[in-house]
Amino acid sequence: MEFTVPIGPQHPALKEPISLRMTLEGEVIKGVDIKLGYNHRGMEKLAEDRSYIQNLYLTERICGICSFSHTTCFAQGVETLMEIEPARRGLFIRTLVCELERVHSHLLWLGVAGHEAGFDTFFMYTWRDREIVMDLLEMISGNRVHYAMNTFGGVRRDIDELQRKKIADSLDTLTKRTEYYLKIGSSEPTFVARLAGVGPLPKQMALDLCAVGPTLRASGVPSDIRRDDPYGIYAEIPFEVCTSDLCDVLGRVVVRINEVLQSYKIIDWLVKNLPDGPVKVKAPRKVKPNEAVSRYEAPRGENIHYIKSNGSDKPERLKVRAPTLANYPATVEMLKGQFIADIPLVFAAIDPCICCAERMVELRDQGSEQTRIVSFADLRRLAAQYYSVDRLQHKEVEWPL
Amino acid sequence: MISDEQIMAQIKSDIGDKIADITIQAPRRIHLHVKPENLNMALAYIKEKWAFTLMSTISGVDLGEQFEFIYHMANLYTNINVRIMTPRSDPKVPTTTGVIPGAILYERELQDMFGVVVEGIPDSRPLLLPDDWPQGEYPLRKDWKWERPVEVIPGGK
Amino acid sequence: MATIKPILYFLVYPGLMFLFVYSTFVEWVDRKLYARMQNRIGPLHTGRSGILQPVADILKLLGKEDIVPEKADKFMFSALPVIALTAVCTAALYLPVWHYDVARITYNSFPGDLIVLAFLLTLPTIIYFLAGWHSTNFFSTIGGVRVLTMLFGYEVPLYLAILSPAVLADSWRLAEIQKFYSQHPLLILPNLIGFAVAVVALQAKLERVPFDIPHAETELVGGTLTEYSGKKLAFFRLMADIEMVVGSGFLAAVFLGGFTGGLWIGFVKFIILTLFIVFILATIRTVCSRIRIDQMVVFSWRYLAPLAVLQLLIAIILKGSMKV
């Protein structure tokens with residue numbers, strides 16, 4: 001007997017609203033239907049009415065966890081449009097904050113994966129370490145999220161000797177603890193029993209469905225934008241691309257922990273080799289007609305911005321595609337044939353940042369705050385119908401969901 | 001590892017009569033202009049020859065009289081951006097899901113936002129707009145403006 | 001005097017007042033241990049070092065709005081928490097802490113009360129299933145089905161494990177079992193396998209990690225108790241706490257030599273032995289992650305049940321050799 005279970009839009013397993021309609025047979029999932037649009041804020045249309053500096057502010061707010069990836073991608077693209085070369089010290093500091101953000105995002109994800117699997121101890125430990133990273137970011141930029149460090153031509157703040165020393169010291173503690181998590185993540189029996197074999201994504205299917213990021217790398221494809229399409233100074237930094245052949249959620253956990261260890265090495269290299277000089281160069285206000293494609297390896301995968309300018313100080317078109325959107329078709333395939341108990345884990349394994357994935361025109365805010373008068377009236381009408389006096393007849397109401 | 005110039009020369013010699021233009025705008029950014037009917041042929045060719053399997057996204061720009069769509073393709077060492085133009089009065093593009101199955105969500109987004117008809121798309125439900133969005137309004141066209149509605153405070157002034 | 005003792009027995013110790021106070025204390029111990037093992041602090045502000053936190057939680061729940069789903073059977077929905085609480089409080093009365101006499105058969109200590117206590121501890125599980133069923137919510141129904149599937153897994157090993165000390169002590173009466181083991185403390189050692197099996201099965205009965213599948217928050221929203229709120233949820237939570245106390249007391253009486261020695265010494269022994277078992281349960285909770293329902297059933301039938309049968313064999317062989 002088949003029946004459909006709605007997971008979402010509101011569900012404790014999901015940190016942001018998204019609707020997954022699962023068709024079930026017993027406890028096994030037969031089909032999935034993803035409905036998006038609950039977090040849609042209209043960034044792309046809004047970006048056409050704002051100047052480039054204001055857009056830097058706007059793109060930062062696309063997401064909280066990976067905010068720096070959006071500003072860096074945008075700033076890189078606009079620097080290509082303006083044809084200016086950013087300052088070298090600024091590039092180093094920008095990369096330092098990028099890698100710190102990658103560490104904090106992966107530690108957050110490890111905690112969430114532990115919590116979804118029921119392993120709350122792991123969750124508490126990784127988030128305790130994340131506090132160390134957030135303190136470092138606060139020391140460098142003044143904020144724990146939304147660092148506001150980027151500008152066209154470099155970064156806005158400098159770091160001094162004491163800060164460099166503190167970063168190097170914290171790295172020692174963090175490296176030791178992360179190596180311990182690698183041991184737990186791959187050998188604790190109840191945890192591995194929960195993760196192994198869950199959400200399989202074979203290599204050919206991952207390539208066909210255009211998956212990106214750790215989801216792709218855990219299926220054995222060594223694709224990393226920092227290596228394939230080096231931006232900034234990544235061409236000079238020695239690091240390795242981490243892959244795994246397991247193709248399931250356990251592979252994704254291992255890939256992410258390894259990436260965190262690689263990021264520690266990159267941060268160490270950056271702090272030791274920081275050059276002297278200014279942190280930014282001057283950027284023009286108006287940009288002549290040009291276009292740029294800017295790609296960036298966010299913690300979740302490939303982030304791509306396409307910017308087109310038209311000679312004024314506002315962009316003609318800004319197109320943002322965040323990595324989570326690219327992983328949705330792969331998620332649908334991964335969920336088929338799994339148990340209900342594994343839904344949160346499989347979905348969390350792509351590291352969903354749903355607010356990143358939806359930025360077209362705004363229609364209504366999530367929750368009950370309606371800004372369009374049409375649907376508010378509809379909502380009132382439906383509510384009146386549902387709570388009417390003749391409830392005994394039990395008319396089934398079709399919500400617009 | 002093949003350089004961008006080699007790829008450009010190879011494309012010109014193999015399918016040069018079917019493409020409109022090919023340029024290199026920056027390191028690792030090749031732009032290839034084709035007609036809409038040759039789109040699938042070009043994508044299949046670059047996928048088979050140099051393993052351009054990742055379609056990053058499909059961007060669209062409203063240029064006034066025409067829409068321009070760019071299909072951003074990537075492989076492990078470079079990018080090719082395949083561009084097509086289609087007139088505003090009759091916006092139609094062929095579907096690319098036969099060559100790249102992962103393009104389905106991006107094509108649904110194009111249909112929502114620009115009002116383009118993607119011929120042969122396997123699943124044509126709207127992706128991002130809500131179910132009670134009025135027909136015929138396409139938000140990313142340049143002539144669609146959004147005005148903030150007057151705020152109504154129930155029970156107040 | 002003859003009427004005051006039963007009243008004290010029912011209401012004060014080990015009756016309602018003691019259970020209420022002690023079970024909230026045990027919940028505080030569990031939460032504090034869990035937190036300290038995770039490098040956190042745990043409850044801190046209510047009372048000295050957070051000791052009144054569980055009481056505060058229950059009092060808060062008692063004051064919240066009580067919503068009954070429209071399609072649910074109102075009488076059953078409201079009666080189930082009360083029945084559950086009654087079942088575990090009645091089970092506590094059979095623990096041989098006080099007011100029993102090994103020579104006589106009284107209403108709270110008779111041959112077979114081992115089985116009665118085990119039965120009363122099974123009632124909350126059935127009531128969880130009924131609660132999920134009567135909530136008419138899809139997630140609750142799945143939670144209820146999972147509760148019964150888990151029952152299928154852990155109940156048999158638990159019963160087999162508690163049989164072996166009874167076989168060795170040659171009695172079905174808790175008071176006699178604990179007298180036997182307090183007189184021959186060395187005979188506790190052969191029963192340790194059974195003790196381990198029974199502790200794991202108790203963790204499953206109490207539905208704590210790694211066996212908290214029926215009310216797994218991230219999968220099923222709230223499982224069987226999704227639709228419960230306000231006073232009814234307060235009763236269910238109190239019942240879960242008291243079940244932990246009664247379960248640990250049960251295991252302590254059967255395996256660890258019990259609470260002999262009169263009122264005060266028995267009281268001290270009760271506190272120490274139940275806290276020891278709670279410490280083991282809290283450690284298991286910290287160290288493991290949740291397992292799936294099919295893995296749980298496979299685990300019980302592949303490991304727990306054979307170990308319990310092995311323990312029973314050991315007990316029978318030992319008993320045979322002792323008689324000779």
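Chain A has 15 helices and 8 strands, where helices (H or I, at least four residues) and strands (E, at least two) are DSSP runs numbered from the N terminus. Before I go further, please note that this is a predicted model, in which local features need pLDDT of at least 70 and side-chain atom pairs count only at pLDDT 80 or more, while totals for chains, interfaces and linings use all residues. Residues are numbered from 1 along each chain as its sequence is written, chains are lettered from A and ligands numbered from 1 in the order in which they are written, and side-chain values use heavy atoms, with hydrogens and water left out.

Let me stay with chain A. Buried residues make up 62% of its 401 residues; buried means under 20% relative accessible area, exposed over 50%, and partly exposed in between, with a 1.4 Å probe and protein chains only. Consider also the contacts in chain A between residues at least 6 apart in sequence: 70% of them join residues at least 24 apart, a contact being heavy atoms within 4.5 Å.

Val293(A) is buried, with a relative accessible area of 8%. Although 213 residues separate Val293(A) from Thr80(A) in sequence, their C-alpha atoms are 8.7 Å apart in space. Not counting residues up to four places away in sequence, Val293(A) touches Ile304(A), His305(A) and Tyr306(A), and also Arg29(B), His72(B), Asn79(B) and Asn81(B).

One of those partners, Arg29(B), deserves a moment of its own. Arg29(B) lies in strand S2 (residues 29-34) of chain B, and counts as buried at 13% relative accessibility. Leaving aside neighbours within four places in sequence, its contacts include Asp229(A), Val293(A), Ser294(A) and Arg295(A), as well as Asp4(B) and Asn79(B). Arg29(B) also belongs to a network of salt bridges that links Asp229(A), Arg295(A), Glu302(A), Arg321(A), Arg28(B) and Arg29(B). A salt bridge here is a side-chain nitrogen of Lys or Arg within 4 Å of a carboxyl oxygen of Asp or Glu.

How many salt bridges does the structure hold over all chains? The total is 40.

Asp268(A) is partly exposed, with a relative accessible area of 30%, whereas Lys272(A) is exposed, at 58%.

The next pair is in chain C. Asp30(C) forms a salt bridge with Arg285(C), and their closest N and O atoms are 2.8 Å apart. Asp30(C) lies in helix H2 (residues 16-37) of chain C and Arg285(C) in helix H11 (residues 262-287) of chain C, so the pair ties together parts that are 255 residues apart in sequence. Both Asp30(C) and Arg285(C) are buried.

The last pair joins Arg290(C) to Asp212(C), again a salt bridge, with the closest N and O atoms 2.8 Å apart. Arg290(C) lies in the loop between H11 and H12 of chain C, and Asp212(C) in the loop between H8 and helix H9 (217-220) of chain C, so this bridge ties together parts that are 78 residues apart in sequence. Arg290(C) and Asp212(C) are both buried.

Finally, I come to the nonpolar cores. A nonpolar core is a set of buried Ala, Val, Leu, Ile, Met, Phe, Trp, Tyr and Cys residues joined through side-chain atoms within 4.5 Å. Which residues of the largest core touch the most other members? Of its 131 residues, they are Ile11(B), Ile46(B), Met55(B), Phe69(B), Tyr71(B), Ile80(B) and Val82(B). Helix H4 (residues 88-117) of chain A gives the most to this core, with 13 residues. Apart from it lies another core, of 90 residues, among them Leu61(C), Leu120(C), Leu158(C) and Ile293(C).
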